[in-house]
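The questions below are meant for someone meeting this structure for the first time.

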Amino acid sequence: MKKLVSASLVLALLTSAVPAALAKEGGDGNGKGNAKVEVSEKTAKEEKTTDTVQDTAENNPSSAKSVLDNVKTKKELIELRQELKHSTEITSEQKAKYEALVSELEKQADIPQSLEVQLELVERYYNKTDRSSVVKLGKLLKASGSTEITTLLDGKVLVMEEKPFVQGGRALVPIRAISSALKAEVTWDPKTSSALITRGDDSITLYLNKKEATVNGKTVALEIAPVLKNGRLFLPLRFVSEQLKAEVNWQEEGKIVLIDDLLKDTDEEKTEANIDEETESTSNETQS
């Protein structure tokens, strides 16, 4: 009985009434006859479709169940997103819900949607000491057939106008994208074809098509030189990131670059320490 009800529900959803516009008729000589013929043909087609859907639903209840399961999963996803709409943190229970939804979408062979949900999970719950969510993201990227490099900075996807690429075994990224992501300043000198990147007390100068850079006044050899592509300067990602106090890791499955901003972590630790000091000071003043 439950399967029959599900089939009926699918049938009701998929077989709507003929639009009112098709029921309109023109005057004599203005296509009235054609309108009747079109409505008649449309009705015949819909009746045939209705019969086909009904046969499918009655003879293949599992197909109807698949549709209902997919609708249920999408509903649960919407509810979860609503829960987190005004929250910056995610609980372990909500994390488990995300993982369950991804698993269910995989069972339904909905790879694009499962990939989207997994990416949401990574961005909301990124942990440098636990790469399991990123590993799962890589598997889904591979399953989707993606061949592009995905760059994550502290778990957030870096959107770039020009896609990063691999050359000589090294990933190269647009200078503006990486400098902006790490909040560094860039100055281009057309006379020397060089770019000066500064962040805090650190400065790097890189030269177009030259395997040599200057880091805080010292000359350093590069494994691969900066290159020009589509009018944009591309830099060796690992070298630049590490010189700007960031840690870089590469995940082959799914072609994911992981960048962790170490300077950001230091700033956050200082902020927390200052808050603790202020709280302790306020507490002492209150007691005295």
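Two strands are taken to pair if DSSP finds at least two bridges between them. The model discussed here is predicted.

Q: How many bridges join β12 to strand β13?
A: Strand β13 covers residues 256-261, and β12 runs antiparallel to this strand. Within the pair, V248 stands opposite I259 in β13. Pairing asks for at least two bridges, and the number that join β12 to β13 is six.

Q: Which strands are the edge strands of the open sheet?
A: The sheet is built from four strands with mixed pairing, and their order is β2-β1-β13-β12. An edge strand in this sheet pairs on one side only, and this applies to residues 156-157 and to residues 246-251, which are β2 and β12.

Q: Are α4 and α5 roughly parallel or roughly antiparallel to each other?
A: The axes of helix α4 (residues 92-107) and α5 come within 8 Å, and they cross at roughly 160°. Angles over 145 degrees count as roughly antiparallel, and α4 passes α5 in a left-handed crossing. The two helices are therefore roughly antiparallel.

Q: How many residues of the contact of α4 with α5 are nonpolar, polar and charged?
A: From α4, the residues K95, Y98, E99, V102, L105 and E106 take part, and they meet Q113, S114, V117, Q118, E120, L121 and R124 in α5. Divided by type, the residues of this contact come to five nonpolar, three polar and five charged.

Q: Is E120 buried or exposed?
A: E120 is found in helix α5, which spans residues 111-124. Its relative accessibility is 16%, and the cut-off for a buried residue is under 20%. E120 therefore counts as buried.

Q: What distance separates the C-alpha atoms of E120 and Y98?
A: Leaving aside residues up to four places away in sequence, E120 touches R81 and Y98. Although E120 and Y98 lie 22 residues apart along the chain, their C-alpha atoms are separated by 8.5 Å.

Q: What is the relative accessibility of S193?
A: S193 is found in the loop between β5 (185-189) and β6 (194-199), and its phi is near 50°, a positive value in a residue other than glycine. S193 counts as partly exposed because its relative accessibility is 26%.

Q: Where is N216 found?
A: Phi of N216 is near 50°, which is a positive value in a residue other than glycine. N216 counts as partly exposed, with a relative accessibility of 39%. The place where N216 is found is the loop between β8 (212-215) and β9 (218-221).

Q: What percentage of the residues in the protein chain is buried?
A: The secondary structure of the protein chain comes to nine helices and 13 strands. Among contacts between residues at least 6 apart in sequence, 50% join residues at least 24 apart. Of the 288 residues in the chain, the buried share is 32%.

Technical notes: Residues are numbered from 1 along each chain as its sequence is written. This is a predicted model: local features need pLDDT of at least 70, side-chain atom pairs count only at pLDDT 80 or more; totals for chains, interfaces and linings use all residues. Side-chain values use heavy atoms; hydrogens and water are left out. Buried means under 20% relative accessible area, exposed over 50%, partly exposed in between (1.4 Å probe, protein chains only). Contact means heavy atoms within 4.5 Å. Axes are lines fitted to C-alpha atoms, for helices over the stretch in contact, and angles run from 0 to 180 degrees between N-to-C directions. Angles under 35 degrees count as roughly parallel, over 145 as roughly antiparallel, 65 to 115 as roughly perpendicular and the rest as oblique. A crossing is left-handed if the near helix is turned anticlockwise from the far one by less than a right angle, and right-handed if clockwise. Ala, Val, Leu, Ile, Met, Phe, Trp, Tyr, Cys and Pro count as nonpolar, Asp, Glu, Lys and Arg as charged, and the others, Gly among them, as polar.
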